[in-house]
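Reader: I would like to go through the assignments in this entry and hear the ground for each of them. Please set the value against the criterion each time.

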Amino acid sequence: MNQGYMNRQRPRRIIISGGGTGGHIFPAISIANALKAADAATEILFVGATGRMEMELVPAAGYPIRGLPVSGIRRRRIWENFGVLVKLIRSVRIAAAIIRDFRPDVAVGVGGYASGPLLWVAGRRGIPILIQEQNSFAGITNRLLAGKAAVICVAYEGMEKYFPAGKIILTGNPVRSIFSDPGSLQAEACSYFGLTPGRPVVLVLGGSQGAGSINGVIDSSAQQIRTTEAEWIWQAGKYYYERVKSVVESENLPNVKVMSFIDRMDLAYAAAGIIVSRAGAGTISELCLVGKPVILVPSPNVAEDHQTRNAMALAGKNAAVMIRDNDVAAGLADEVEKLLKDREEMKLLASNIRKMARPEAAEHIADEVLKLTNR
């Protein structure tokens with residue numbers, strides 16, 4: 001780090017705003033951790049949306065957080081947007097008070113509802129702004145705020161179509177470091193999940209809530225799954241767990257271990273030979289670090305279909321296989337079986353996705369934040 005960072009009259013103060021999903025929150029916490037690692041005296045305040053998951057996850061990570069009553073635009077129930085506008089006005093006023101009291105040197109936005117009011121006020125006050133965009137398709141909040149930003153950190157190439165080229169820095173997405181060396185945990189992973197050493201493992205992930213289309217494969221392809229050489233770790237999600245478990249029992253699938261939620265994702269990644277997953281930006285960044293063959297099934301139920309664009313960015317470089325959500329019931333088991341029989345293709349996919357990993361992303365972004373404190 002630049003030695004000039006230390007010549008200050010008071011500790012740096014950084015506001016980090018945004019959230020709503022783990023894909024926004026975990027990168028934000030990683031950036032905060034990197035800032036504290038660079039300079040332990042740095043004071044960090046998070047600003048999130050009241051009632052959203054950041055209000056629990058951020059304090060659990062050891063950081064203070066303030067909430068804004070902001071909510072997203074209702075695209076289907078247009079009449080509800082009057083209430084959204086009232087909340088937005090209140091949020092701007094609260095954000096102004098937070099900035100006045102905390103007096104930040106830099107405001108960092110990671111996307112999500114809460115980053116809008118906070119960064120808008122920061123820009124009006126002349127506070128340097130850094131935006132971190134996780135997806136290959138920029139979110140509407142970040143696009144609207146790009147003009148006020150000093151620096152925009154992105155995870156994908158070609159983001160000039162959304163942001164001013166001179167402000168863009170390719171940093172990658174910050175991820176938790178526990179996923180960076182899965183190979184050292186294989187023996188522990190086999191014991192933890194009760195797996196047969198040496199037998200290939202397919203890890204199926206649909207998120208903590210579960211994915212109906214992916215879980216439906218257990219019905220449509222039960223016989224094919226039963227006869228594969230692989231063992232399957234199937235995270236069904238809390239809403240689908242009982243149904244998937246019932247199918248596994250009734251169809252006699254002894255090679256499928258169904259779980260509601262996986263607490264030790266580091267061990268799950270270590271065990272996996274093939275990973276089936278949704279295509280959220282944070283998940284993809286973790287998968288790049290893990291470096292295993294991946295089949296991505298992007299969710300169609302996300303803003304502006306950004307998961308499909310994320311998945312296509314990898315599939316276009318032969319770093320992952322993409323199956324569209326409406327094709328997964330018919331095609332997933334076939335694709336898994338095809339990969340299991342083609343070890344060279346598995347090696348190529350693993351090699352290509354590993355090339356896209358950026359393990360120092362959090363430190364790179366933190367360095368850009370610290371540079372802005374000197375402006």
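**Grounds for the assignments**

Author: Strand β5 (residues 129-133) pairs with β6 in the parallel sense, over four bridges. The model is a predicted one.

Reader: How many bridges join β6 to β7?

Author: Three bridges join β6 to strand β7 (residues 168-170), and the two run parallel. Ile168 in β7 is the bridge partner of Ile152.

Reader: Which way do the residues of β6 point, and are they buried or exposed?

Author: In β6 (residues 151-154), Val151 and Cys153 point one way, while Ile152 and Val154 point the other way. Each of these residues is buried. Side chains in a regular strand alternate between the two faces of the sheet.

Reader: What unit do β5, helix α5 and β6 make?

Author: β5, helix α5 (residues 140-145) and β6 make a β-α-β unit, and the unit is right-handed.

Reader: How confident is the predictor in the protein?

Author: The mean pLDDT is 89, and 91% of the residues reach 70 or more. Residues 1-6 stay under 50 in pLDDT. For residues 1-6 the model has 13 contacts beyond four places in sequence. Where pLDDT is low, the predicted coordinates should not be read in detail.

Reader: Why is helix α4 called largely enclosed?

Author: Seven of the ten residues of α4 (residues 115-124) are buried, so the helix is largely enclosed by the rest of the structure. Those buried are Ser115, Gly116, Pro117, Leu118, Leu119, Val121 and Ala122.

Reader: Why is Thr373 called buried?

Author: Thr373 has a relative accessibility of 8%. Buried means under 20%, so Thr373 counts as buried at 8%. Thr373 lies in the segment after α16 (361-372). Its side chain and that of Arg12 are joined by a polar contact of 3.3 Å.

Reader: What makes that a polar contact?

Author: A polar contact requires a pair of N or O atoms within 3.5 Å. The contact between Thr373 and Arg12 is 3.3 Å.

Reader: What is the phi of Arg103, and what is that of Asn252?

Author: Phi of Arg103 is near 55°, a positive value in a residue other than glycine. Phi of Asn252 is also near 55° and positive, again in a residue other than glycine. Most residues other than glycine have a negative phi.

Reader: Which residues have the most contacts inside the largest nonpolar core?

Author: The core has 65 residues, and those with the most contacts inside it are Phe163, Leu203, Ile275 and Leu296. Helix α11 (residues 265-271) gives the largest share of this core, six residues. A second, separate core has 31 residues, including Val204, Val217, Val244 and Val247.

Reader: Why are β10 and β13 placed at the edges of their sheet?

Author: Six strands form an open sheet in the order β10-β9-β8-β11-β12-β13, with parallel pairing. β10 (256-259) and β13 (321-322) each have a single partner strand, so one side of each is left without a neighbour in the sheet. Elsewhere in this sheet, β11 (residues 274-277) and β12 (residues 294-296) pair over three bridges. Val276 stands opposite Ile295 in β12.

How values were computed. Residues are numbered from 1 along each chain as its sequence is written. This is a predicted model: local features need pLDDT of at least 70, side-chain atom pairs count only at pLDDT 80 or more; totals for chains, interfaces and linings use all residues. Side-chain values use heavy atoms; hydrogens and water are left out. Buried means under 20% relative accessible area, exposed over 50%, partly exposed in between (1.4 Å probe, protein chains only). Two strands pair if DSSP finds at least two bridges between them. A crossover is right-handed if, with the strands pointing away from the viewer, the path from the first strand over the helix to the second runs clockwise. pLDDT is the predictor's confidence in each residue, from 0 to 100. Contact means heavy atoms within 4.5 Å. A polar contact is a pair of N or O atoms within 3.5 Å; within protein, one must be able to donate a hydrogen and the other to accept it, and residues adjacent in sequence count only if both atoms are side-chain atoms. A nonpolar core is a set of buried Ala, Val, Leu, Ile, Met, Phe, Trp, Tyr and Cys residues joined through side-chain atoms within 4.5 Å.
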